[in-house]
Amino acid sequence: MAVQFTRIAVKIGSNVLARKDGTLDVTRMSALVDQVAELRRAGVEVILISSGAVASGRSEIKPSKKLDSVDQRQLFSAVGQAKLINRYYELFREHGIPVGQVLTTKESFGTRRHYLNQRNCMMVMLENGVIPIVNENDTISVTELMFTDNDELSGMIASMMDMQALIILSNIDGIYDGSPSAPGTQVIREVEQGKDLSDYIQTEKSGFGRGGMLTKTTIARKVADEGITVIIANGKKDHILVDLLQHPVETVCTRFIPAEGGVSSVKKWIAHSGGFAKGELHLNEQAVNVLKGQKAVSLLPVGVVRIEGEFEKDDIVKIIDHRGRQIGVGRIGLDSAEARTLLGRHGQKPMVHYDYLYLD
Ligand SMILES: Nc1ncnc2c1ncn2[C@@H]1O[C@H](COP(=O)(O)OP(=O)(O)O)[C@@H](O)[C@H]1O
Ligand SMILES: N[C@@H](CCC(=O)OP(=O)(O)O)C(=O)O
């Protein structure tokens, strides 16, 4: 079988795996596993990011008293994740393919050391023919430190593992150019770089999902800007995964065109680290214009007018423009005390070196 990619991350959304009544759709799961196995036989390396823990636990447990949303998530996911991974294990075993569970939290992407540790774990799994099945560790993730949803997690994994493509499977054929249920609306087949889709996205979410189409779009854009093709497609359609790779033109989906050239691995990490920023660098207009220009430049103290927060050398900081909007993130080359002494000064070493600067 001739396929378009040989290294892919596949995100399977809650809605793909849950039936209308919230129970786990094992038939759908089995069909997806068969396709992943087929791709593996064709030489494609696959990482799965699978939701469905909460959905599958919900149908197993009837709590004796009313639980708040955190308790519910912790209880259902603890039970549901065990059930989910057990199903995957059994289904892949029929194909002779070993799988491994990777449960992670947003904090585990916070430092470069943790990030590389996770990366190494999945590298060694792939090298040994094991398919990583990743999910958020919902039992210990608390609200403020959670991924927006598994779309965000899948973007971070695809980026961290240098995948060629991220396929986000949901319960819809792609992004529609209006409300998906309105007559005459169509799936947007290709999204070029820089195209704004916010007018098309409705805030409604499907039954069991967490983030909705807006997070999918934001993540897809960011990941495509790193040189990775992102595809949003309908995981409930038979043979969808194989079709996407074998018949990319004919198969209905939304495809985000990747930036050419890609970016370095450190930059990819920085790009997804905004949530861990310890401080802010506020720039003057001239510095903003220089950074946004065609040439790759480092951020010098002369363009920084104000510093917020306390940080150490090598921490992540937000880059804020002269209008107060965040325009990127970077890894700072000095601590906040030293940085404050250099504010606005000419002829100093960069605060953020170009290699560690990521602009939105
Ligand atoms: N323009 C749009 N095109 C497609 N889907 C949209 C659009 N706007 C909102 N949606 C909604 O986004 C839902 C998919 O997101 P989500 O509920 O998070 O799914 P998942 O659980 O697969 O991540 C769709 O079922 C649809 O209701
Ligand atoms: N970690 C959760 C997934 C929650 C979630 O964000 O799901 P999705 O809407 O599919 O992105 C679970 O397994 O239930």
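User: Where do the domain bounds in this predicted model come from, and which residues does domain 2 cover?
Analyst: Domain bounds come from an automatic or database domain assignment, and the model to which they are applied here is a predicted one. For the protein chain, that assignment gives domain 1 as 7-263, and it gives domain 2 as 273-359.

User: How many residues does domain 2 give to the contact with domain 1?
Analyst: The C-alpha centres of domain 1 and domain 2 lie 33 Å apart. Where the two domains are in contact, which is judged by heavy atoms within 4.5 Å, domain 1 provides 6 residues, and the number from domain 2 is 4.

User: What area is buried between domain 1 and domain 2?
Analyst: The size of an interface is often given as the accessible area lost when the parts come together. On the side of domain 1, Lys 106, Gly 110 and Lys 222 lose the most area to domain 2, together 51% of what that side buries. Carbon and sulfur atoms give 67% of the area buried between the two domains, and that area is about 440 Å².

User: How many salt bridges does the rule find across the interface of domain 1 and domain 2?
Analyst: The side of domain 1 that touches domain 2 has 1 nonpolar, 1 polar and 4 charged residues. A salt bridge, however, needs a side-chain nitrogen of Lys or Arg within 4 Å of a carboxyl oxygen of Asp or Glu, and across this interface the number found is 0.

User: What share of its exposed area does the protein bury for ligand 2?
Analyst: Oxygen atoms of ligand 2 lie 3.0 Å from a polar side-chain atom of Ser 51 and 2.9 Å from a polar backbone atom of Ala 53. Taken alone, ligand 2 exposes 380 Å², and the share of this that the protein buries is 96%.

Terms used
Residues are numbered from 1 along each chain as its sequence is written. Chains are lettered from A and ligands numbered from 1 in the order in which they are written. This is a predicted model: local features need pLDDT of at least 70, side-chain atom pairs count only at pLDDT 80 or more; totals for chains, interfaces and linings use all residues. Side-chain values use heavy atoms; hydrogens and water are left out. Buried area is the accessible area (1.4 Å probe) that two parts lose on being put together, summed over both. Ala, Val, Leu, Ile, Met, Phe, Trp, Tyr, Cys and Pro count as nonpolar, Asp, Glu, Lys and Arg as charged, and the others, Gly among them, as polar. A polar contact is a pair of N or O atoms within 3.5 Å; within protein, one must be able to donate a hydrogen and the other to accept it, and residues adjacent in sequence count only if both atoms are side-chain atoms. Accessible areas come from the Shrake-Rupley method with a 1.4 Å probe; for residues, only the protein chains shown count as cover.
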